[in-house]
Amino acid sequence: MTHELKKIIETYLKSRKRPQNAVLATVVALEGSSYRKPGVRMLVFENGQMIGAVSGGCVEKEVFRQALTVFRDGIPKIMTYDGRYRLGCEGILYIVIEPFQPSDVFLGVFFKAIKDRSEFQIAAYYQKKEGPKSGAGTIFEFKDSRFALHPTNQIDPDLEVYTDRLKPCFKLVIIGAEHDAVQLCLLAGLLGWEVTIVAHPSEDKQISDFPGAYEIITPFPEDLDCAGIDMQTAVILMTHSYVKDLQYLIALQKSRHAYMGILGPQKRREKLLNEFLEFCPEVTDAFFASMYGPAGLNIGAETPQEIALSILSEILAVINQKSPIFLRDKEGGIHS
């Protein structure tokens, strides 16, 4: 959910050109089931503009209505939303609504943490009782600093607290720049992933060719920098050139990643890996364990868009440690 928070704060930063009051709404507790879980957040402006969501769309109007007193008085409040008779989710949400006015120092530290791919913690203080509550609100805790979201809000440490450890934004490195890479980039961008396109220098490609991309780099394979690849990163090889795939795979031999996908049929994969082992005989077992080829789930995908969906679905299954099944065949709750 780091990417959702990043978007919230980026939007707030842009809004300061035309100042208006804003509040942050955070789901801090849940009894029963709901569309979204504790830790989801949305930013609400006084003009009714909303960024993010705390449900499937039914709760947001009530959040804005409840936020009117926070806009007026500047005092955080707790709201509850009983979805048992309205949402069909059989759950009660507890939501903290607080003034949102982060300092410039906080903004600098936050965006540095995002850029450096550093983890940080959020603690939201609340009580399970509706109404205004001074002392409720959120504390951001970085490596060497901590911040409240409003300079005058004194957090009450004796309240209940929901804590959330946020990892770096998930990253997808797409090695390849053909039409199917464009579709994969577009869908991954919709998921909020930071997408890096790796295009060979011989290709005339610009970032504008890849909607949703965070950046495009054009190194020769031997110059590929793997420093930014970590366990919050998926890599997909899809250059459509056997030689280039092999060269980039060799460059990736010491990288640590959550997933690596290889586009193409099994015979091509076996040939590629056998030749890769001739160049890199000491590659670790963990490197091979993270490798998936042919990339994607078997959902009958044929078009570039469907193949992109298949690949992204497999990546989600891998990083969430799930075995894909039909939800109708799953015993227990959806998220259990």
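The crossing of α4 and α8 is right-handed, a crossing being called right-handed if the near helix is turned clockwise from the far one by less than a right angle, and left-handed if anticlockwise. The structure is a predicted model, in which local features need pLDDT of at least 70 and side-chain atom pairs count only at pLDDT 80 or more, whereas totals for chains, interfaces and linings use all residues. Residues are numbered from 1 along each chain as its sequence is written, and side-chain values use heavy atoms, with hydrogens and water left out.

Helix α4 spans residues 179-190 and helix α8 residues 304-319, and the two pack with their axes 9 Å apart at an angle of about 55°; helices here are DSSP runs (H or I, at least four residues) and strands likewise (E, at least two), numbered from the N terminus. Axes are lines fitted to C-alpha atoms, for helices over the stretch in contact, and angles between N-to-C directions run from 0 to 180 degrees. The pair α4 and α8 is therefore oblique, since angles under 35 degrees count as roughly parallel, over 145 as roughly antiparallel, 65 to 115 as roughly perpendicular and the rest as oblique. Contact (heavy atoms within 4.5 Å) involves, among others, His 179, Leu 184 and Leu 187 of α4 and Pro 304, Leu 309 and Leu 312 of α8. By class, the α4 contact with α8 comprises eight nonpolar, three polar and one charged residues, where Ala, Val, Leu, Ile, Met, Phe, Trp, Tyr, Cys and Pro count as nonpolar, Asp, Glu, Lys and Arg as charged, and the others, Gly among them, as polar.

Helix α1 (residues 2-15) and helix α3 (residues 104-116) cross at roughly 140°, their axes coming within 12 Å, and are therefore also oblique to each other. The crossing of α1 with α3 is left-handed. Residues of α1 including Leu 5, Ile 9 and Leu 13 meet residues of α3 including Phe 106, Phe 110 and Ile 114, and this contact divides into eight nonpolar, one polar and two charged residues.

Ile 229 lies in the loop between β13 (213-217) and β14 (233-237) and is buried at 11% relative accessible area (buried means under 20%, exposed over 50%, partly exposed in between, with a 1.4 Å probe and protein chains only). Beyond its neighbours within four places in sequence, Ile 229 contacts Val 173, Val 235, Leu 252, Ser 255, Arg 256 and His 257.

The count of disulfides (pairs of cysteine sulfur atoms within 2.5 Å) is zero. The closest cysteine sulfur to that of Cys 169 belongs to Cys 185 and is 15 Å away, too far for a bond.
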